[in-house]
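Hello,

Here is the structure for you to open. My notes follow below it.

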Amino acid sequence: MKNKKQLFIFDPAYRGRTASFTLVIAAYVILQALRSSGNLSSLFASLLVPVTCYIVAAIGLNLNVSVSGELNLGQAGFMSVGAFTAVCVSGRLVAAVSAGIPRLIISILCGAVIAALFGFAIGVPVLKLQGDYLAIVTLAFGQIIKSLITNMYLGFDENGFQFSFVENKCSLAPGGKMLLNGPMGATGTQRIANFTAGTVLIIIALIIVYNLIYSKSGRAIMACRDNRIAAELTGIHIANTKMLSFVVSAGLAGAAGALYGLNYSTLVPNKFDFNTSILILVYVVLGGLGNMTGTIISTIVLVLLPELLRSLQDYRMLIYAIVLILIMLITNNEKVKTMTKSLRSRFAAGRGADKKEAA
Amino acid sequence: MADRKVILDIQGLGIDFGGLTAVNDLNMQVYEGEIAGLIGPNGAGKTTVFNMLTKVYQPTRGKIFFDGMDLEKKNVVDTTKAGIARTFQNIRLFSGLSVLDNVLTGYHNAITYSPVEAVLRLHSYRRQEREAREKALELLDIMELKDDAEVIAGNLPYGAQRRLEIARALATGPKLLLLDEPAAGMNPQETEELMKMIRFIRDHFEISVLLIEHDMKLVMGICERITVLNYGMMLSQGTPEQIQADPAVIKAYLGD
């Protein structure tokens, strides 16, 4: 009995897990305390929800890029699908469900499910192929979604929904409302997202990703990444397995986008462009592939950095780039690596001693 | 031999790659509980035969019956589910996973909980995961890898990697184990231990083994029947004694 328990507890996976959850909860408590005591500048306060959105999208992308080993360059596209779905759902339900929290939950769920469906539709033809096809197709998908939403007009009145493409042909009865307004995007959205909801979403995303990784499915996903032929000969269906990680990643991006969309009264389709996809990829790569805690930290730093550098005006993106390069150089430095390694082994040695005492 | 059941029946098997005939008209059987050998000079088509048996390659001609089932319409995953497991000449481990996780991957089809059950950590997840871990540790114990359970597979020494591949193959619950040069790169002492291990596996799991090997000491030591391939054609078939005495085999190996 004792042996079984130990296997689960001392699994290296669970150490990373505890660190991630501790970080998220500690950050939440500290920031909430700062905010309620009025010590958080309005700029920072306004960044809280977007940061949580990017973290959720980055956690999803990390599953896709590092656990599954497939490059996905369309994470912003999935966020876009989630965001505009959620904004429309929330806009439609304003009268029916006036309370913010249930409407937020329904909208996020809808955003996640629709984004996951888009992920599935893209995955069917692409995931059977080997190589970089997924990167190319997801990149195109991000661009297509942006153009599509830029040209979509959706409104509703007492007679139901009206939809038109390219130009606005909706003639709404009085009391009707435009949900999507072409290049203007969604306007007049009720801002029902908040930091607590964002934190809960991060925790849910972490639970989903960690529990998935440390199960049969996670092993299968990593097996396909490490050795395709051996995985297949171990009885793993490769396309299905890759699909699972891709759909979960898209769904998480959809949920993140939904939360993002419901945090602003106006949302334009151009917000989720190729640059956003690349930014999310940078958060993942800089945080360390497969390292969820690292992803969270790097997202926070890289979202805040441009804002902190705002006083430098025109030079801020230059400084941002330099800092990015410096972080990469420093974290890859051999001396720094050996230092963290020795620190880790010291921790591990301590834990080993505990283990022996316990036994 | 006649009273034993045939587990693998290969009839007139052949494959062409473009204009090149890699294997042609191969007939051979493996019986239940037998250790059989497939030998031949380099390039004779031995690994190609394994690839056809596991449907990595689709044979051009001929039939494969495994445990009475025609494999013609089956894919790679089906052959594993049917009970064929294999190792590889150039080791193919999941090098980023721990030794234990490599073996657990072998239980992929035995574990039946869905991803949703895994995310919610339901009872079915915990029970099946615990059972699989117990079985995996047992296997690692047999393969003398238990102490390395948490080591990353890619960091294992060579011989241990070969043993881990066998452990992973056994985890899929095979009836027939295909070993592709299991002794490659091993010293004589390690080979000796490997021979004992293969015999033990056969008896303990009650499975058949078909192996490709260049180490004649191993082949002649444990195989009950041997098939010799040369240029994709069957050259000879028989007991180790018959094979060693066959002038055609000697000629193929040593030249005129």
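Which elements of chain A do the buried residues of α6(A) pack against? They pack against α4 (75-93), α5 (100-126), β1 (152-157), β3 (177-181) and α11 (274-287) of chain A. Packing here rests on contacts, with C-beta atoms, placed from the backbone, within 7 Å. Helices (H or I, at least four residues) and strands (E, at least two) are DSSP runs, numbered from the N terminus.

Before the rest, the ground rules. This is a predicted model: local features need pLDDT of at least 70, side-chain atom pairs count only at pLDDT 80 or more, and totals for chains, interfaces and linings use all residues. Residues are numbered from 1 along each chain as its sequence is written, while chains are lettered from A and ligands numbered from 1 in the order in which they are written.

Back to α6(A). The helix covers residues 133-150. Its buried residues (20 or more other C-beta atoms within 10 Å of their own) include Leu134(A), Phe141(A) and Ile149(A). They fall within an arc of 125° seen down the axis, so they line one face of the helix. That arc is taken over directions from the helix axis to the C-beta atoms. The face turned away carries Ile144(A) and Ser147(A), both exposed (12 or fewer such atoms).

Chain B has an open sheet of six strands, in the order β6-β7-β8-β3-β9-β10, with mixed pairing. Strands pair if DSSP finds at least two bridges between them. β6 (84-86) and β10 (233-238) of chain B stand at the edges. Three bridges join β6(B) to β7(B), and the two run parallel. Ala85(B) has Leu177(B) as its bridge partner.

Finally, the chains meet: 31 residues of chain B are in contact with 23 residues of chain A.

Best wishes

How values were computed:
Contact = placed C-beta atoms within 7 Å. Expected span 1.5 Å × (residues − 1).
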